[in-house]
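Here is a friendly walk through a few strand and helix contacts. Have the chain open beside you as you read.

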Amino acid sequence: MSQFFPGFAKNQIKIESLDLLQETPSPNCTVEVLATGFKRIIGDLRQKRFDTWDWYSLARRADELMITQQQTTELLAIEYLKERWKQAGVVPYPHQLETARRVIFDMQGQAILADEVGLGKTIEAGLILKEYLLRGLVKKVLILTPANLLWQWYHELYEKFDITPGIQRTEWDWNFSDILIASLDTAKREPHASQILDIPYDLLIIDEAHKLKNSSTVGYRFVNAVQKKYCLMLTATPIQNDLKELYNLIGLIKPGQLGSYRSFKSRFIKDKRTPKNPQELRELLGQVMVRNRRDEKTVQFTERIVHPVVVSLTPKEQELYNRVTRFVRERGRRSGLQNILPLITLQREVCSTFLATALTLEKMMESIEQDQQMEAAELLKDLADVKQNSKCDALERLIGELGDNKIIIFTEYKASQEYIRYRLEKAGYSTLAFDGTLSRGKKQWIRHLFQNQGQILVSTESGGEGLNFQFCSVIVNFDLPWNPMRLEQRIGRVHRLGQSRDVHIFNLITKDTIEEHIIYLLHQKINMFETIIGELDAILLHLNLGKSFESEIMEIFLAHEEQEKIRERLDQFGDRFIKGQAEVRTAKWELF
Amino acid sequence: MQHLVFDFFKLCGLKPLEIRKGVWQVKVDDALMKELDGWRSQGRLLQFTFDQRSAEIYGADLICPGSYRLNSILQVIRKQGILSHAHIPLHHFHEPSIRKKILAKSGSTGRAYVVSCSLQFAQYLQLELLAEARGLQKKESIHTVVVDLSTGSIFKYAFPFHLLEPGGAAQHKVRPRKCSYKQAFINAAAYLHELFAQQDQGWAKEAQEKLAMEEGKLHEFFKGRLGSEEYEIKKKELHKRLAPALRINALRGAILFVPLFRYGLVVVSPGGKETSRLISYDPIGNMYLPELD
């Protein structure tokens, strides 16, 4: 540029500022004359590239029309995306449109989107992003999310907003992509962090922003240092334990909104969970935070109806189950809870299909001690010999009873998925398979087939992530994940915004197995299917388990053989969960 | 809007056919479809309507303010016509009247004779400038500014655009410009700046007030650390977001050629002394231009 126009300072010329506001102490307005457009004209002029006068005149009219369109204080994105939303079956809710309007017109693009879970924070953020893009106010955008949500964001932006972002893979992507989705954990590490800090972003979006509640963490300091014009932070739980968390989050987008910490403490904190002057604090929060709650004004979700289907194993199956369980316990005791993951898998698989169990056991054979190898080999042989599967028999009966309803059958294991399909196809049902190995295009295609032609979809969970199936309202959990978060993700594929019917959840539970305990914990004890929708992540975060949910359960299971003892420990664990739930609920403090 | 859409198809060499009342169909080839809908698109029969109801009934693309199809067409149009040229043909001017005017002016203190007469073209640069007034919200407007390339001055009167005809002028007949394009652009931007200064400055005032308020909050937050780098960064971000600014960018430009009447004169003073003079007259700017070196 400077070679082209030696007199031009970098990209723009600054003209002497004008006396614009004569009545204020700092009456100046910056005038920036950009060289970008002029450079294009000169480029054409030097090459004598003259367009016809007709095109020129038409382009001038198009410019005028474009500008007239953009002068509106209505959201441009609504009309622009109408067709796309029709195709994608998206119906934006009034609270989402209102939120986008508030953030753009009242909050100058600095906001915490703190809607309760399930109200569509991502849609609100996408709408704001699209609006800014259409108005030409943002170009360089960075979206930081947890790693497991990268693709979900990609799909949401592409399908619902016609935005094609990049997903960060290498350190070159930071400069290359104008709209980039990246994992916060990657971004805050070197060499990425220093590259990001050099880039002035127009918009920074942070999903699951509650992870930045602590101002002394690397993540917090990193996000604070990113150069950004507009910033959106998405979290359903802006406060979890302490009002300081809220102060920290607001400090990231608008430092000073709540004053210095000392003044905030004296004005607004009675104790760490109780605010002083809640009315005043609410007003200040309202300037930077939008929180929509589930009520009549926002959106009503349909019911979740849980149906337990208890399956009795045949004596032979029961005997095999007991032998596998003994084997797992023995291995667990020997390894002293080290390397517990394969054992958890084995114990869970034995409640799914023996085929899946056999495959895992075969893999384990290589690493187990000599004396156990014989036992494992015998077990393997017997597992392979079992021809019956009572759970699949029950599944066939259940599907027969469900009639023509579209059904998603979830299993955790690929081997079980194949076996279920084999059995159902044999029984005369046509099925579709959905799993994590499919490419994005194939997943979309299978979803399309399922929506328009198929009746039964057999899915592993990884396959279900990022795609929604609101057109279906029946879920069958062939086996149960031990982690409630995974269970919620399964149900969330179907029970979400846009679902117009009650969702029926059929859980196949094998009698006298660990599954009975799991369903007791998840359904009877903590009632996760029906009452804690949307709070689960907050509760788990609040509990701060230190290890995975699965490991907690496995430890209990390995430590005790008596059913009563196991039940007692699970009760204690459940009580902890319920207490955590109560604490998370009171942590909302009537502030929002 | 409807005229614009039809003119667009016409310039693309396409003729939409009204297949139902208010619903048009046009065969768009691969290349244009890719321009409209991205590189994956292929040529097809494009159906469009300006009526919401027809769009719903027949599934035609709706063209209305803000709609996807209108925006895609606007985007394609706006990529065209970055630079063009036009001229005002000679026949719009009555040469004897101009000659008379020149003689009257030159012979005000004596007599004057025309000894030679020729035609040149003066150059004007017409710029379409986009002005973005960025306060709490962004307000955009488009302004057409014409700069006389002989002097670099802004043409402040109504330019007779209706007289323009497509195409440039023969190179040898064009009077060399005295003002660089860059200078012309800077002059145009300065002129626009002046125009804005004379208008209501409420938007800037509002932004200044908000900025001052936010700066106060930031100041309190960083009390005791006002010299820190973090404070400076946050302050810079705040200014970037809220400080009122007028941003001027050129969208497109055109060179306009205007006939210039050039006369060789002999002026006889009251004392009988004869002097030769060359004078050029620009009938659009109503200017007498000195001869170029």
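In this predicted model, A:Phe410 sits opposite A:Asn477 of strand S17(A).

| Strand | Partner | Sense | Bridges |
|---|---|---|---|
| S14(A), residues 407-411 | S17(A) | parallel | four |
| S18(A), residues 503-510 | S17(A) | parallel | four |

On the S18(A) side, A:Ile475 has A:Ile505 as its bridge partner. Within S17(A), A:Ile475 and A:Asn477 point one way, while A:Val474 and A:Val476 point the other, and all are buried (under 20% relative accessible area with a 1.4 Å probe, protein chains only).

Now to a pair of helices (DSSP H or I runs of at least four residues). H11 (residues 243-253) and H12 (residues 261-268) of chain A pack at about 135°, with axes 11 Å apart; the axes are lines fitted to C-alpha atoms over the stretch in contact, and angles run from 0 to 180 degrees between N-to-C directions. H11(A) and H12(A) are therefore oblique to each other, a class left over once angles under 35 degrees (roughly parallel), over 145 (roughly antiparallel) and 65 to 115 (roughly perpendicular) are set aside.

Which residues of H11(A) and H12(A) make the contact? A:Leu243, A:Lys244 and A:Tyr247 come from H11(A), and A:Tyr261, A:Phe264 and A:Phe268 from H12(A), where contact means heavy atoms within 4.5 Å.

Residues are numbered from 1 along each chain as its sequence is written, and chains are lettered from A and ligands numbered from 1 in the order written. Local features need pLDDT of at least 70 and side-chain atom pairs pLDDT 80 or more, while totals for chains, interfaces and linings use all residues, and side-chain values use heavy atoms, leaving out hydrogens and water.

Note on methods
Helix = DSSP H or I, 4+ residues; strand = E, 2+ residues; numbered from the N terminus. Buried < 20%, exposed > 50% of the residue type's maximum accessible area, 1.4 Å probe, protein only. Pairing = 2+ DSSP bridges.
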